[in-house]
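Me: Could you walk me through the side-chain packing and strand pairing in this model?

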Amino acid sequence: MFTNVGNYGEYTANILEEFKLPANKTHHEWDTIKYNDLPTAMMKVCHDCCVAEGDEKLLEQNPDVIIERYHHILTKGGKVKNHFAPHCDHEGPADGPCRSALYYYQIDEGIDDVGLHFYEWIDEESGIIDQAGGTHDEPKDTFIPTSGDVVTFGNNIPHCPGEFKTDSESPKVRGLFAIFIKYPSKEKPQKVPKNCMSWLKCFS
C-alpha cells in the first residue's frame with residue numbers, strides 16, 4: 001500500500017530554506033512546478049520516491065509537481081485538529097491521478113496517533129472505503145513517521161492521518177511536506193468542427 005523510502009533528515013535544513021512558509025502561516029501550497037525545475041534536494045526526494053516503486057518512467061515525462069507544507073504546533077487542549085477523513089489524493093490539489101509523497105521534516109516526541117493510516121476499497125466504483133465499521137481505529141496498515149522520514153504511495157490509495165494530539169503543555173511540532181507528482185493527462189485533444197477555419201472563432 002505504501003513504501004517507506006527512507007530518512008532524509010540530512011536535507012531538511014536545505015528544503016526548509018527553499019520552501020519557507022509565509023509570515024504567520026502554518027500551511028502553504030506552492031504553484032505547480034515542473035519536475036526538472038525543482039530545487040536539487042526536493043528533486044531527489046521525488047526521484048527516490050518514484051524509483052522506490054518502479055515508477056521511473058513518470059519522471060521521464062517531466063511531470064507537474066504540487067507541493068504543500070503543513071507546520072502544526074500542538075499543545076494539550078489546543079485547537080489544531082485533523083480535518084481529513086479517509087480520501088485519495090487525486091481528489092485534492094492534484095485534481096487528477098498522481099503519485100503521492102509525504103516528507104515528515106519534524107515529528108516531535110510526545111505526539112499521539114501521529115501515523116498515516118491506509119485503507120482498502122470495498123467498492124471502488126461506488127467510492128466506498130473500508131473504514132472498519134465507520135471508524136479510523138482499524139486501518140489496513142499504518143506508517144509511523146519520525147523526523148526526516150519519507151513515504152510514498154500510488155494513485156487512488158485511500159489514506160488518512162491520525163488525530164496527532166498531545167498531552168504536553170509545551171509546544172510539539174508536526175511538520176511535513178505533501179508532494180503530488182501528477183501523471184500526464186490522457187484526455188484527447190478537442191477536435192475542430194468541420195468547415196471551421198479558426199479555432200478561436202469556433203470555441204470562443
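This is a predicted model: local features need pLDDT of at least 70, side-chain atom pairs count only at pLDDT 80 or more; totals for chains, interfaces and linings use all residues.

Me: Is the pair of F19 and F177 stacked or edge-to-face?
Reply: The two ring centres are 5.9 Å apart. Planes over 60 degrees apart count as edge-to-face. The planes of F19 and F177 stand at 70°, so the pair is edge-to-face.

Me: Which strands does the pair of Y103 and F177 tie together?
Reply: F177 also forms an aromatic pair with Y103, with 6.1 Å centre to centre and 15° between the planes, and this pair is stacked. Both Y103 and F177 are buried. The two residues are 74 apart in sequence, and the strands tied together are β5 (residues 98-107) and β12.

Me: Which element gives the most residues to the largest nonpolar core?
Reply: This core has 24 residues, and Y103 and F177 are among those with the most contacts inside it, as are I15, M42, V65, I67 and I179. At least two residues each come from α2 (40-52), α3 (56-60), β4 (64-74), β5 and β12. The top contributor, with 6 residues, is α2.

Me: Which ring has R174 over its face?
Reply: A charge sits over a ring if, for Arg, CZ is within 6 Å of the ring centre and within 35 degrees of the ring normal. R174 lies at 4.0 Å from the ring centre, over the face of F164.

Me: Which cysteine has the sulfur nearest to that of C46?
Reply: The structure holds 0 disulfides, and a disulfide would need two cysteine sulfur atoms within 2.5 Å. C46 is buried, with a relative accessible area of 1%. The nearest cysteine sulfur is 6.6 Å away, and it belongs to C49.

Me: Is C160 buried or exposed?
Reply: Buried means under 20% relative accessible area. C160 has 0% relative accessibility, so this residue counts as buried.

Me: Which strands are the edges of the open sheet of 3 strands?
Reply: The strand order is β9-β6-β11, with antiparallel pairing. Neighbouring strands are turned by 25° against each other on average, direction ignored. An edge strand pairs on one side only, and that describes β9 (141-143) and β11 (159-161).

Me: What is the bridge partner of F118 in β11?
Reply: Strand β6 (residues 116-118) runs antiparallel to β11, and 3 bridges join the two. F118 is also part of a cluster of ring pairs with F2, Y104, F143 and F153. Across the strands, the bridge partner of F118 is H159.

Me: What separates the C-alpha atoms of E109 and T166?
Reply: E109 is found in the loop between β5 and β6, and this residue is exposed, with a relative accessible area of 70%. Along the chain, E109 and T166 are 57 residues apart. Their C-alpha atoms are separated by 9.4 Å.

Note on methods: Residues are numbered from 1 along each chain as its sequence is written. Side-chain values use heavy atoms; hydrogens and water are left out. Rings of Phe, Tyr and Trp (its six-membered ring) pair if their centres lie within 6.5 Å; planes under 30 degrees apart count as stacked, over 60 as edge-to-face and the rest as tilted. Helices (H or I, at least four residues) and strands (E, at least two) are DSSP runs, numbered from the N terminus. Buried means under 20% relative accessible area, exposed over 50%, partly exposed in between (1.4 Å probe, protein chains only). Two strands pair if DSSP finds at least two bridges between them. Axes are lines fitted to C-alpha atoms, for helices over the stretch in contact, and angles run from 0 to 180 degrees between N-to-C directions. A nonpolar core is a set of buried Ala, Val, Leu, Ile, Met, Phe, Trp, Tyr and Cys residues joined through side-chain atoms within 4.5 Å.
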